[in-house]
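Subject: The two-chain model, with notes

Hi,

Here is the structure I said I would pass on.

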Amino acid sequence: MSSNDVLLGLVVVTALGFDFTNGFHDTGNAMATSIATGALPPRIAVALSGVLNLVGAFLSFSVAATIASGLVQTHLVTLTVVFAGLVGGILWNLATWYFGIPSSSSHALIGGVVGSTLAAAGGHAIQWHGLVSKVILPAILSPVIAGGIAVVGTYLVYRLTNNVVERVRGRGFRIGQIGSASMVSLAHGTNDAQKTMGIITLALIANGSLTSGTKAPAWVIVSCAVAISLGTYIGGWRVIRALGKGLVEIESPQGMAAESSSAAVILLSSNFGYSLSTTHVATGSILGSGVGKKGAEVRWNVAGRMATAWVLTLPSAGVVGALAYFAAHGMGGVTGVAVIFVVLVACAAGFFLKSRQGAVTAKNVNTEWTGSVVPVPAPAPIPA
Amino acid sequence: MSQWINLTALWKIIVIGLLAGAGLPALFAIGLRALNTRPQAASAPEGDGQVAAVSGGGVLGMAAAVLCFAVVLAAIGWGIYSIVHNS
């Protein structure tokens with residue numbers, strides 16, 4: 001086994017690790033509202049979403065290549081660059097998950113890769129026009145559009161059912177919610193699993209194992225699909241809680257309107273070749289469902305916190321990606337990458353252990369929102 | 001502007017998005033309404049949920065509801081079809 005094989009192996013494992021964080025970070029996009037309204041028991045919801053993500057990952061392969069090409073000059077990308085970019089993406093995903101912020105996994109990945117490419121090859125290696133027109137503008141527009149559609153949908157739904165008995169209405173829309181949330185899960189699988197497939201393919205091309213322009217090999221597709229669906233099944237309860245309970249106090253008609261809007265916007269956009277952030281769309285929709293219902297409580301401070309994190313996602317993941325590149329490159333070759341890999345695993349373990357101190361789980365995810373992600377503020381001991 | 005944003009795609013996403021994303025839940029709502037209206041609620045068996053057509057607007061309401069739900073299901077089917085065939 002040559003040192004290059006070791007390097008490639010580390011990159012692939014890191015990419016699958018990212019895919020896993022992508023899964024659990026984004027469970028809430030599809031299932032937060034269904035869990036909050038009780039349309040599905042929490043465990044069943046994440047299992048259903050996991051299965052549909054798995055199915056979705058095999059449905060379409062159109063976005064796979066777009067994640068890298070059109071954003072960076074792919075011929076300047078080395079294995080170390082891909083690796084450092086993934087480190088940036090994973091660490092940002094873990095940090096935002098810890099604070100219960102639904103930030104975009106796609107942006108974390110793109111930010112990380114752009115940052116490490118910048119560090120490795122300088123500004124000319126970035127296709128700035130592509131970055132603005134394919135990533136930044138859609139990121140600004142998509143939550144607004146999804147939110148607007150959800151406002152209209154929510155308004156219509158309440159208007160049309162105002163003379164239906166409350167119990168019957170709640171029950172009917174909970175069934176509708178299961179359908180619409182399933183569509184979002186499916187769309188998430190097709191969109192997000194492909195982003196990691198694209199990254200691994202990019203690594204294989206950088207390694208010379210594949211020629212440029214080749215499609216993702218079968219083992220890449222299968223392993224990415226499994227990683228994202230496992231991650232989804234684990235469930236990012238912190239993000240689920242922030243979306244389903246923190247942002248808006250949600251009822252089942254709102255939930256169905258929100259998820260329908262998300263599914264429609266995500267599917268239509270990928271139809272036009274925009275691989276936009278499912279997180280931004282879902283958050284915009286849930287916010288819209290709060291605006292569209294008369295008298296519903298929308299917590300704008302929570303929304304503001306999320307929006308701030310969105311703005312920070314690209315640059316922060318980029319900075320981490322760049323630092324990881326400098327560190328790995330400075331130590332050189334396989335050793336550098338292996339050392340950073342160990343650091344990454346240690347950080348991930350740290351986040352995990354820290355999260356157990358005040359855990360959000362399937363059991364307490366729906367506890368009344370009192371301003372914090374972790375339901376009962378546990379007396380947090382300061383680690384010595 | 002147009003080199004930054006594909007305006008054609010944008011307005012299509014907004015219009016079709018509104019039809020599918022807001023229109024379908026609305027249609028679903030009409031279906032529910034057709035099944036259950038308040039005037040008959042006095043005799044409505046509360047325990048049995050929205051499937052209980054007895055509380056609805058009779059045969060006509062039932063037919064309208066079935067039509068609404070069928071259109072919603074067809075749209076979902078079309079959505080899945082479009083994912084698979086745009087690869």
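The crossing of α2(A) and α7(A) is right-handed (a crossing is right-handed if the near helix is turned clockwise from the far one by less than a right angle, left-handed if anticlockwise). Helices here are DSSP runs of H or I with at least four residues, strands are E runs of at least two, and both are numbered from the N terminus. In chain A, α2 covers residues 42-59 and α7 covers residues 218-234; they pack at about 160 degrees with their axes 8 Å apart. Axes are lines fitted to C-alpha atoms, for helices over the stretch in contact, and angles run from 0 to 180 degrees between N-to-C directions. α2(A) and α7(A) are therefore roughly antiparallel to each other (under 35 degrees is roughly parallel, over 145 roughly antiparallel, 65 to 115 roughly perpendicular, and the rest oblique). Among the residues making the contact are A:Val46, A:Ser49, A:Asn53 and A:Phe58 on α2(A), and A:Ile221, A:Cys224 and A:Tyr233 on α7(A). Contact means that the C-beta atoms of two residues, placed from the backbone, lie within 7 Å. By class, the residues of this contact are twelve nonpolar, five polar and no charged. Nonpolar covers Ala, Val, Leu, Ile, Met, Phe, Trp, Tyr, Cys and Pro; charged covers Asp, Glu, Lys and Arg; the others, Gly among them, are polar.

Before you go further, this is a predicted model: local features need pLDDT of at least 70 and side-chain atom pairs count only at pLDDT 80 or more, while totals for chains, interfaces and linings use all residues. Residues are numbered from 1 along each chain as its sequence is written, and chains are lettered from A and ligands numbered from 1 in the order in which they are written.

α2(A) has another partner: α1(A), residues 3-37, packs with α2(A) at about 125 degrees, axes 10 Å apart. That makes α1(A) oblique to α2(A), and this crossing is right-handed too. A:Gly23, A:Thr27 and A:Met31 are among the α1(A) residues here, meeting α2(A) residues that include A:Pro42, A:Val46 and A:Asn53.

Stepping back, chain A has twelve helices and zero strands. Its radius of gyration is 20 Å, close to the 21 Å that the globule rule gives for 384 residues, so chain A is as compact as a globular protein of that length (the radius is taken over C-alpha atoms, and the rule is 2.2 Å times the number of residues to the power 0.38). Buried residues make up 60% of chain A. Buried means 20 or more other C-beta atoms within 10 Å of a residue's own, exposed means 12 or fewer, and partly exposed is in between, with C-beta atoms placed from the backbone.

Now for chain B, which has two helices and zero strands. Of its 87 residues, 30% count as buried. How many residues of chain B are in contact with chain A? There are 35, touching 38 residues of chain A. α1(B) gives the most to that side of chain B, with 17 residues. The side has 21 nonpolar, eleven polar and three charged residues.

B:Ala20 counts as buried because it has 23 C-beta neighbours inside 10 Å. Leaving aside neighbours within four places in sequence, B:Ala20 is in contact with A:Ala264 and B:Ala75.

Cheers
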